[in-house]
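Hi everyone, thanks for making time.

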Amino acid sequence: MAIRCVSVYCGSSPGRDEAYTGQARVLGRLLAERGIKLVYGGANVGVMRALADACLERGGNVVGVMPKHLVAREKAHRGLSEFRVVGSMHERKALMAELADGFIALPGGVGTLDELFEVWTWGQLGLHGKPCGLLNIASYFDPLVAFLDHAVSEGFIKAVHRDMLVVAETAEELISRFAAYVPPAAGK
């Protein structure tokens, strides 16, 4: 699968471990080097800023998408290739999904998980065949991955649907696995 653009969901906070912003920068640089457009939430703070700035510093194309009510609160990044203001969170998620060939979650909070779980659910329902993944920086997502595996063992998630969520320890591995991604034939 050709990956030309990815939506990345991540925290507007930097988190406690410097690895979160450090590895966000690695991903940003990799996307720029590979000519993969970055679409993200548009903020100039936290993990989001580290990701966008690193991509821009290497000449990457970065699109920020932010609902108008968050522009002042999240400190919109004004140095992006493109900045789109939308009316709501629903519009933000829809536009980011439309633009992207794949979806990546970096460490973040409830908003990050909301965005990832929605596009993963859309994939499970057969609404798209795009890869969804976790960049598991400093084992941040280990408890979530364990929970998802538990949900499979308890019969609430099919193994084929759990396997749709690509989990990788490095940006290079995640992008390589995205390029080889084939959506499952079995729908919900």
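**A quick tour**

Let's begin with glutamate 115, which sits in helix 4, residues 110-124. One thing to keep in mind as we go: this is a predicted model.

So, is glutamate 115 buried or exposed? Its relative accessibility is 8%, and the cut-off for buried is under 20%, so glutamate 115 counts as buried. And what is it in contact with, once we leave aside neighbours within four places in sequence? Those contacts are Tyr9, Met89, Arg92 and Lys93.

Let's follow Tyr9 from there, because tyrosine 9 also turns up in a stacked pair with phenylalanine 103. The model has four aromatic pairs by the rule used here. In this one, the ring centres are 6.4 Å apart and the planes are at 5°, so we call the pair stacked. What I like here is the sequence separation: tyrosine 9 belongs to strand 1 (residues 5-9) and phenylalanine 103 to strand 5 (residues 102-105), 94 residues apart, so to speak linking distant parts of the chain. Both partners are tucked away: tyrosine 9 is buried at 2% relative accessible area, and phenylalanine 103 is buried at 0%.

While we're on rings, have a look at Tyr20, Tyr140 and Phe141 too, which form one aromatic cluster.

Next up, helices. In general, you describe two packed helices by the angle between their axes and the distance between those axes. Here, helix 1 (residues 18-34) packs against helix 7 (residues 171-179) at about 45°, with the axes 9 Å apart. That angle makes helix 1 oblique to helix 7, and the crossing is right-handed. Which residues make the contact? From helix 1 we have Val26, Leu27, Leu30, Leu31 and Arg34, and from helix 7 there are Ala171, Glu172 and Ile175. Sorted by type, the residues of this contact come out as six nonpolar, two charged and no polar.

Last stop, a bit of backbone. As a rule, most residues other than glycine have a negative phi. Now look at the loop between strand 6 (132-135) and helix 5 (142-153), where alanine 138 lies. Alanine 138 has a positive phi, near 50°. Serine 139 lies in that loop between strand 6 and helix 5 too, and its phi is also positive, near 60°. As for accessibility, alanine 138 is partly exposed at 44% relative accessible area, and serine 139 is partly exposed at 38%.

Conventions. Residues are numbered from 1 along each chain as its sequence is written. This is a predicted model: local features need pLDDT of at least 70, side-chain atom pairs count only at pLDDT 80 or more; totals for chains, interfaces and linings use all residues. Side-chain values use heavy atoms; hydrogens and water are left out. Axes are lines fitted to C-alpha atoms, for helices over the stretch in contact, and angles run from 0 to 180 degrees between N-to-C directions. Helices (H or I, at least four residues) and strands (E, at least two) are DSSP runs, numbered from the N terminus. Angles under 35 degrees count as roughly parallel, over 145 as roughly antiparallel, 65 to 115 as roughly perpendicular and the rest as oblique. A crossing is left-handed if the near helix is turned anticlockwise from the far one by less than a right angle, and right-handed if clockwise. Contact means heavy atoms within 4.5 Å. Ala, Val, Leu, Ile, Met, Phe, Trp, Tyr, Cys and Pro count as nonpolar, Asp, Glu, Lys and Arg as charged, and the others, Gly among them, as polar. Buried means under 20% relative accessible area, exposed over 50%, partly exposed in between (1.4 Å probe, protein chains only). Rings of Phe, Tyr and Trp (its six-membered ring) pair if their centres lie within 6.5 Å; planes under 30 degrees apart count as stacked, over 60 as edge-to-face and the rest as tilted.
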